[in-house]
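Work through these exercises with the structure open beside you. Try each task before you read its solution.

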Amino acid sequence: SAYSFSIAWWSFFTIPMIVSQEHNSAYVWDQICLVGAIFIPTTFIHFVLVFLRLANRYSKWILASYFVSLFFLLLNTTPLFVAEVAPQYSFNFYTVPGIVYHVYVAYFSALSTLGVLMLFWAYRKSKSDKNKFDIQTKWLFFSSLLGYMGGGTNFMLVYGIEIPYVTPFANYAVLAYGISVAYIILRYRF
C-alpha cells in the first residue's frame, strides 16, 4: 500500500542522512527521506478510512489531505521546511526545522491521532473477537498506537528532546507495526 511504502521510504532514506559524513549530502538525504514522511499521515488516514469502509463518505477530505501533502512536498525543497541539518545526539546529522516544518508536525500529529482514534472507536464498537473484521481492527489499533508512539520520538529529536533509554530503541516500534500488519495480512487474509 501507499502507506507502507511511505513508511519504508522514510525509514530507509533516514539512514544515509544520519550516517553521512558531509553536511550537503546529509541535507539532500534529509529532503529525500522526508518525501516519505510527508505522505505518512495522509496515506494512513486514507488507509484507515478504506479499512473502516468510510472512504466514499470522506473522499473530498482524503483528496484535500493529499493536496496538503503535495504542498509540504513542494516546500520540502526550501529552507522553509528544513532549515538545516546538524549533529544531534549520536547522529552525525538530523533535521533542523524550518518554519513550515512546525505546521507539518501539527498536521502529522492531527491526522495520525485521528486515524488511531478512529481505529480505537471501531475496536470499542466491536462485539467480539470472533469475526475477522473485529480481530483485524484490534490488531490495527494496537499496532498503530505502538508504531506512532515509537515513530513519534523522531519529532522529539528534531526539537532537541531525548528520552533516556527510550529514544535509541523507539523506532523498533515502527518495525513491530510492520510485522503486525504483515501478520494481519497473512493470518486474516486482509
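**Exercise 1. The largest pocket**

Task: Find which residues lie nearest the centre of the largest pocket, and work out the make-up of its lining.

Solution. The model is a predicted one.

Step 1. Start with the lining. The largest pocket is lined by 27 residues. Nearest its centre are W10, S11, N154, N171 and Y172.

Step 2. Assign elements. Those giving two or more residues to this lining are α1, β2, α6, α7 and α8. The largest share comes from α1, with eight residues.

Step 3. Sort by class. The lining has 17 nonpolar, nine polar and one charged residues.

Step 4. The largest pocket holds about 600 Å³.

**Exercise 2. The second largest pocket**

Task: State the volume of the second largest pocket. Then describe its lining.

Solution. 

Step 1. The volume is about 210 Å³.

Step 2. The lining has 13 residues, and S109, S112, T113, Y148 and M149 are the closest to the centre.

Step 3. Two or more lining residues come from each of α4 and α5. The largest share, seven residues, belongs to α4.

Step 4. By class, nine lining residues are nonpolar, four are polar and none is charged.

**Exercise 3. The cavity**

Task: How many cavities of 30 Å³ or more does the structure hold? Describe the lining of the largest cavity.

Solution. 

Step 1. Count. There is one cavity of 30 Å³ or more. The largest cavity has about 310 Å³ of space.

Step 2. List the lining. It has 25 residues, and W10, I40, F108, G151 and N154 lie nearest the centre.

Step 3. Trace the elements. Two or more lining residues come from each of α1 (2-19), α2 (23-51), β2 (91-97), α4 (99-125), α5 (132-151), α6 (153-158) and α8 (172-188).

Step 4. Sort by class. The lining of this cavity has 17 nonpolar, seven polar and one charged residues.

Step 5. Look back at W10 and N154. Both are named nearest the centre of the largest cavity, and both are named nearest the centre of the largest pocket.

**Exercise 4. A nonpolar patch**

Task: Which residues make the nonpolar surface patch? Is F169 buried or exposed?

Solution. 

Step 1. The patch is made by F169, Y172, L175 and I179. Its area is about 480 Å².

Step 2. The element that gives the most is α8, with three residues.

Step 3. F169 sits in helix α7 (residues 167-170).

Step 4. Apply the cut-off: exposed means over 50% relative accessible area. F169 has 54% relative accessibility, so F169 counts as exposed.

**Exercise 5. Positive phi in two loops**

Task: Where do R53 and Y89 lie? What is phi for R53 and for Y89?

Solution. 

Step 1. R53 is in the loop between α2 and α3. Y89 is in the loop between β1 (82-88) and β2.

Step 2. Phi of R53 is positive, about 60°, though R53 is not a glycine. Y89 is also not a glycine, and its phi is positive, near 55°.

Step 3. R53 has 64% relative accessibility, so R53 counts as exposed. Y89 has a relative accessible area of 38%, so Y89 is partly exposed.

**Exercise 6. Sequence and space**

Task: How many residues apart in sequence are V68 and T42, and what is their C-alpha to C-alpha spacing?

Solution. 

Step 1. V68 belongs to helix α3 (residues 59-75).

Step 2. V68 and T42 are 26 residues apart in sequence. In space, they are 8.5 Å apart, C-alpha to C-alpha.

Step 3. V68 has 30% relative accessibility, so V68 counts as partly exposed.

Key
Residues numbered from 1 in each chain as written. Predicted model: local features only at pLDDT ≥ 70, side-chain atom pairs only at ≥ 80, totals over all residues. Heavy atoms only, no water. 1 Å grid on protein atoms, 1.4 Å probe; cavity = no way out; pocket = protein on both sides within 12 Å on 5 of 7 lines; lining within 4 Å. Points joined across faces, edges and corners; volume = space filled by probe spheres on them. Helix = DSSP H or I, 4+ residues; strand = E, 2+ residues; numbered from the N terminus. Nonpolar A, V, L, I, M, F, W, Y, C, P; charged D, E, K, R; others polar. Patch = residues over 30% accessible without salt bridge, like charges linked within 9 Å, V, L, I, M, F, W, Y side chains within 5 Å. Areas by Shrake-Rupley, 256 points an atom, 1.4 Å probe, with all protein chains shown as cover. Salt bridge = Lys/Arg side-chain N within 4 Å of Asp/Glu carboxyl O. Buried < 20%, exposed > 50% of the residue type's maximum accessible area, 1.4 Å probe, protein only.
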